[in-house]
Amino acid sequence: MLRAEMEVHCSLARFDNVALYAQGHYALRVSARAECSGAPLALGGHRRWRAAPSARAAWQPPPSPDARSCTTTPVLVTYAHQQHALDESLWFRAELGVSSVRDGSDGRPALRTEPIVLRFELLTLTVAEAARAQAEAAANSGPPDRSGRAIAARLRPVCAAELRLLGASAPSAVYRPAYAPILFDEWHWCVAHAVVGARLVGLRVHAPRSPLCLPRLGWWRTAPVSYTHLRAHAVSYTH
C-alpha cells in the first residue's frame with residue numbers, strides 16, 4: 001500500500017469582527033484530521049510573526065509530541081467592524097493513503113491522496129469573565145497577569161468552521177498556497193483570513209505484515225520500504 005507523507009500549512013493573517021454578539025476576547029484553535037480515517041494530524045510547529053525579533057525567524061516546536069491543535073493569541077473585540085492582525089503560521093504533518101496514481105500532463109506521476117479537513121474553532125471569553133480571571137490570578141500570584149495566560153486558559157469554544165482540502169494535482173517542487181476566508185455562523189459573525197496549502201514530502205510503501213519469501217533468490221522482504229528520491233515532489237490542495 002502506498003502512503004504519502006504530507007505537510008499542511010496554514011497562515012492566519014487577520015481577524016475581522018463583522019457583528020459579533022458580545023464584546024470580549026477571541027481566539028482561534030486550529031486542528032486537522034484525515035477525512036476518511038478521522039485520525040488527527042500531529043502539530044509540526046507554530047510561528048508568531050508579531051513576536052519579538054529574536055523569536056520571529058524560527059519555527060517554535062509544539063508544546064508536546066502529542067499536540068494536535070494550536071491556539072492563536074487572544075484579541076480584544078470591543079466594537080463592530082474591528083480588525084485585528086494575527087500574523088501567525090502553523091503546520092501539521094500526516095501520513096495519508098494514496099487512492100490513485102496516474103500520469104500527469106508533464107509526464108510525471110500525479111497522486112490523489114485522502115482528503116484533509118482543517119477545523120477552526122472560535123474561542124471566546126467575555127470582558128466580565130476576563131476581569132474576574134485576572135483578579136483571581138492577581139490574588140493567587142501577587143503581580144498582575146500581563147501575559148494574558150489567565151485569559152487564554154479560560155477561553156471556551158462557541159462555534160466552529162471546517163475547510164475541506166482535496167488532494168489532487170500533478171506534483172511539483174513549488175509550494176502552492178491558496179487564500180481561504182473562514183466564515184462562522186450568524187450568531188458569531190466574523191471572518192478569519194487564512195492562506196492554506198500542502199505539499200508531499202515523501203512516499204512510503206507498506207507491504208503485507210507477513211514476510212515474502214523468495215526461495216530462488218534466497219532472501220526475505222518486509223515492510224516498510226522508503227523511497228527518499230521522491231521527496232522533491234509536491235502536491236497542492238484546493239478547497
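Predicted model: local features only at pLDDT ≥ 70, side-chain atom pairs only at ≥ 80, totals over all residues.

Visitor: How many salt bridges does the count come to?

Guide: The criterion requires a side-chain nitrogen of Lys or Arg within 4 Å of a carboxyl oxygen of Asp or Glu. By this rule, the number of salt bridges is nine.

Visitor: Arginine 14 forms a salt bridge with aspartate 16. Is aspartate 16 buried or exposed?

Guide: The closest N and O atoms of arginine 14 and aspartate 16 are 2.8 Å apart. Arginine 14 has 31% relative accessibility and counts as partly exposed. Buried means under 20% relative accessible area. Aspartate 16 has a relative accessible area of 11%, so this residue is buried.

Visitor: Which strands hold arginine 48 and glutamate 88?

Guide: These residues form a salt bridge, with the closest N and O atoms of arginine 48 and glutamate 88 being 3.7 Å apart. The pair links distant parts of the chain, 40 residues apart: arginine 48 lies in strand S3 and glutamate 88 in strand S6.

Visitor: Which residues do salt bridges that share partners join into one network?

Guide: Arginine 119 forms a salt bridge with glutamate 162, with the closest N and O atoms 3.0 Å apart. Arginine 119 belongs to strand S8 and glutamate 162 to strand S9, 43 residues apart. Through shared partners, the network consists of Arg33, Arg119 and Glu162.

Note on methods. Residues numbered from 1 in each chain as written. Heavy atoms only, no water. Buried < 20%, exposed > 50% of the residue type's maximum accessible area, 1.4 Å probe, protein only. Helix = DSSP H or I, 4+ residues; strand = E, 2+ residues; numbered from the N terminus.
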